[in-house]
Amino acid sequence: MAKASNNFTCSACAAVYSKWSGRCDGCGDWNTIIEEKPLSKSGPSKKTLGGMRGKKVPLTDLSTKEAPPPRTVCGMGELDRVLGGGLVPASAILVGGDPGIGKSTLMLQAAARFAQAGLKTVYVSGEESSAQVRMRAQRLGLGDAPVKLAAETNLRDILTTLEAEEPDLVVIDSIQTMWADNVESAPGSVSQVRAAAHEIVTFAKSRNVAVIIVGHVTKDGQLAGPRVVEHMVDTVLYFEGERGHHFRLLRAVKNRFGPAQEIGVFEMTGDGLCEVTNPSALFLSERDKPTAGSVVFAGIEGTRPVLVEFQALVAPSPNAQARRTVVGWDGGRLSMILAVLESRCGIPFAGLDVYLNVAGGMKVSEPAADLAVAAALLSAREDVAIPKDCVVFGELSLSGGLRPVNQTENRLKEAQKLGFSSAIAPSRSKAGDGSGMQIRYMDDLVSFVGEVFAAG
Ligand code: TYD
Ligand code: MG
């Protein structure tokens with residue numbers, strides 16, 4: 001019997017099958033299994049590539065005499081910074097975010113600004129009609145920006161149009177609505193998104209056009225066409241925000257032309273998205289008097305210091321299984337800190353419900369926030385307020401020791417700028433902070449508890 005050939009591969013997770021099926025057992029995606037054509041039997045399939053003559057590719061040195069291409073600055077400082085200091089020509093940018101978060105609004109504003117800055121800009125909407133986009137532009141006061149509009153989903157037609165138009169910047173809103181007619185599956189499916197993104201990025205690179213591709217995040221937190229688009233583009237930005245809040249964060253998770261983790265902060269208003277140039281002031285809620293459970297963390301987001309407020313609530317639990325609820329921080333890390341408090345400092349949280357919230361809808365991922373979280377939990381549990389003018393930062397190790405964090409000086413400077421006069425920081429982060437703040441250095445969590453909560 002002839003040996004079954006494993007010629008079917010899942011385009012999302014690369015699992016290999018001997019026959020086609022509608023759903024990949026590996027990743028659970030539908031319509032992702034495609035047949036890979038075998039190399040011809042008679043030809044060179046048995047030989048390795050190294051044994052065959054190919055064409056010689058030119059090799060170059062790393063040193064270059066060419067100046068780096070000029071970036072275009074759109075004037076929305078928050079966007080320019082997240083891009084790494086403006087738009088790089090011929091770069092491909094993915095902007096992901098939940099449906100309704102404001103991606104189209106941001107992109108329309110950005111397109112208008114880039115067009116006003118001199119880039120020939122085309123905005124392709126696959127979701128709204130031209131009339132709808134025009135109406136939105138009018139409402140945002142961008143009616144006379146020199147942006148060319150198209151409402152189209154057929155990728156072949158779009159690329160043909162762009163070829164004739166020769167723009168500098170194209171916005172594709174959104175990749176899930178694009179339809180490449182050489183791929184037999186519905187728009188939004190993994191293979192379509194993958195094929196469409198590939199076509200667009202290839203076109204952009206060969207024609208020296210910058211593209212911004214908008215992609216909706218699906219419920220499970222991944223862009224439809226999981227990861228397929230992320231690796232193809234130069235820059236991946238996520239537009240985040242809580243539904244109930246007006247603040248929106250544009251976060252660079254990958255950037256070939258600038259620092260990752262950089263954030264831009266915007267506020268959604270009736271007139272579109274406005275820049276927030278001093279986010280620290282925004283993330284600190286009204287803090288008139290010291291409150292137990294509230295601690296200000298001096299954090300760093302990308303290259304910028306940002307102050308955020310952690311709020312904790314600790315209450316006796318009516319249930320056998322106490323609750324642990326976290327908003328804006330990692331739940332696993334909360335468990336770790338509770339465990340460290342219990343085993344290193346002898347402060348148990350068993351039988352107590354614990355709620356932890358980052359004010360203002362901000363999400364914090366820095367380990368440097370550990371000490372601020374521990375402080376908020378202790379402050380809530382002991383009902384002892386941390387002084388109102390004090391910021392806290394430091395990473396906790398499982399032994400209960402405090403580890404120094406980076407950019408101590410920037411954190412302190414930002415705190416001082418916002419009217420804070422004291423700080424609690426890990427001991428070894430002392431080096432050269434001439435900030436004029438009163439700083440208490442701690443070695444470990446035990447001494448922190450002893451000094452700060454001694455009276456409690
Ligand atoms: P939109 O940009 O359409 O979201 P996305 O493209 O990410 O799906 O924005 C949708 C929301 O933004 C909508 O609920 C209304 C709100 N919005 C404002 O509050 N102000 C405005 O000026 C605009 C244009 C939208
Ligand atoms: Mg939209």
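Hi everyone, let me start with a pocket. Ser11, Trp20, Asn31, Ile33, Ile34, Asn182, Val183, Glu184, Ser185, Ser191, Arg194 and Ala195 line the second largest pocket. Please keep in mind that we are looking at a predicted model.

The volume of this second largest pocket is about 250 Å³. What is the lining made of, by class? Five residues are nonpolar, five are polar and two are charged. Which element gives the largest share of the lining? That is α5, with three residues. Both β3 (33–35) and α5 supply at least two residues each.

The domain assignment gives domain 1 (1–38), domain 2 (77–277) and domain 3 (282–452). Domain 1 and domain 2 each contribute at least three residues to the lining of the second largest pocket. As for domain 1 and domain 3, their centres, taken over C-alpha atoms, are separated by 49 Å.

Next, the sheet. It is an open sheet of nine strands with mixed pairing, and the order is β6-β5-β7-β8-β4-β9-β10-β11-β12. Why do β6 (147–151) and β12 (272–275) each have one side without a neighbour in the sheet? They stand at the edges, so each has a single partner strand. On average, and ignoring direction, neighbouring strands here are turned by 25 degrees against each other.

Let me zoom in on one pair. A quick reminder: strands of a sheet pair through backbone hydrogen bonds, either parallel or antiparallel. Strand β10 (residues 247–255) and strand β11 (residues 263–269) take the antiparallel sense, over five bridges.

On to the helices. Helix α3 (residues 130–139) lies across β5 (121–125) and β6, and runs at about 145 degrees to β6.

The largest cavity has a volume of about 40 Å³, and its lining residues are Glu240, Gly241, Phe247, Leu249, Phe283, Gly360, Gly361, Met362 and Lys363. They divide into four nonpolar, three polar and two charged. Domain 2 and domain 3 both give residues to this lining, so the largest cavity lies between them.

Note on methods: Residues are numbered from 1 along each chain as its sequence is written. Chains are lettered from A and ligands numbered from 1 in the order in which they are written. This is a predicted model: local features need pLDDT of at least 70, side-chain atom pairs count only at pLDDT 80 or more; totals for chains, interfaces and linings use all residues. Side-chain values use heavy atoms; hydrogens and water are left out. Two strands pair if DSSP finds at least two bridges between them. Helices (H or I, at least four residues) and strands (E, at least two) are DSSP runs, numbered from the N terminus. Axes are lines fitted to C-alpha atoms, for helices over the stretch in contact, and angles run from 0 to 180 degrees between N-to-C directions. Contact means heavy atoms within 4.5 Å. On a 1 Å grid over the protein atoms alone, a cavity is a set of points where a 1.4 Å probe fits but cannot get out, and a pocket is an open set with protein on both sides within 12 Å along at least five of seven lines; lining residues have an atom within 4 Å of a point. Grid points are joined across faces, edges and corners, and a volume is the space filled by probe spheres set on the points. Ala, Val, Leu, Ile, Met, Phe, Trp, Tyr, Cys and Pro count as nonpolar, Asp, Glu, Lys and Arg as charged, and the others, Gly among them, as polar. Domain bounds come from an automatic or database domain assignment.
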